[in-house]
Amino acid sequence: ADWLLIRSNYSADIGGKNQGATASLDLDARYRYSDKLSVVAGPGLTWTNAQFAQTFYGVTAAQSASSGLAAYSAGAGLSQVRFVVGADYRLEQQWNLSTRLTAGKLKGSAADSSITQSKNQNSIGISAMYRF
């Protein structure tokens, strides 16, 4: 439907750096105020495999000894839920401006890790896009 955008993304470590994989799903509802301006809003979530979780949220015994953080073994699962609100503005036929405000919350191993200082993962993004 013109008013609904479903996005999915899968990212994997193809460089062999032990960074694992993530998969995300986002649902965006779009309302067009005019030919130039539209607003979007919707929920999203991210899943991580065990290798990603351990690399970014786990703390090995050696890391614990040198950092003072508690050792933690992170596992696969839902790692973030979020809600996004944004706007898109068409300056010209090929140029667009876009902004997104994201309110996210870490879940599962990501939230429980001794590395995690805040479960809230909020962000603001502004971008300019050119279509060829």
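**Exercise 1.** Determine which elements the buried residues of H1 pack against, and where on H1 these residues lie.

*Solution.* The buried residues of helix H1 pack against strands S2 (21-32), S3 (37-48) and S5 (95-106) and against helix H3 (108-112), where contact means heavy atoms within 4.5 Å. The model is a predicted one, in which local features need pLDDT of at least 70, side-chain atom pairs count only at pLDDT 80 or more, and totals for chains, interfaces and linings use all residues. Residues are numbered from 1 along each chain as its sequence is written, and side-chain values use heavy atoms, with hydrogens and water left out. Within H1 (residues 50-57), the buried residues are Phe52, Ala53 and Tyr57, buried being under 20% relative accessible area with a 1.4 Å probe, protein chains only. Because they cover an arc of only 100° around the axis, they sit on the same side of H1; the arc is that of the directions from the helix axis to the C-beta atoms. Helices (H or I, at least four residues) and strands (E, at least two) are DSSP runs, numbered from the N terminus.

**Exercise 2.** Describe how S5 pairs with S4 and with S6.

*Solution.* Strands pair if DSSP finds at least two bridges between them. S4 (residues 77-90) and S5 run antiparallel and are joined by 11 bridges, with Val84 having Thr102 in S5 as its bridge partner, and a hairpin of 4 residues joins S4 to S5. S5 and S6 (residues 120-130) also run antiparallel, joined by 11 bridges, and here Asn96 has Met129 in S6 as its bridge partner.

Notes. Buried means under 20% relative accessible area, exposed over 50%, partly exposed in between (1.4 Å probe, protein chains only).
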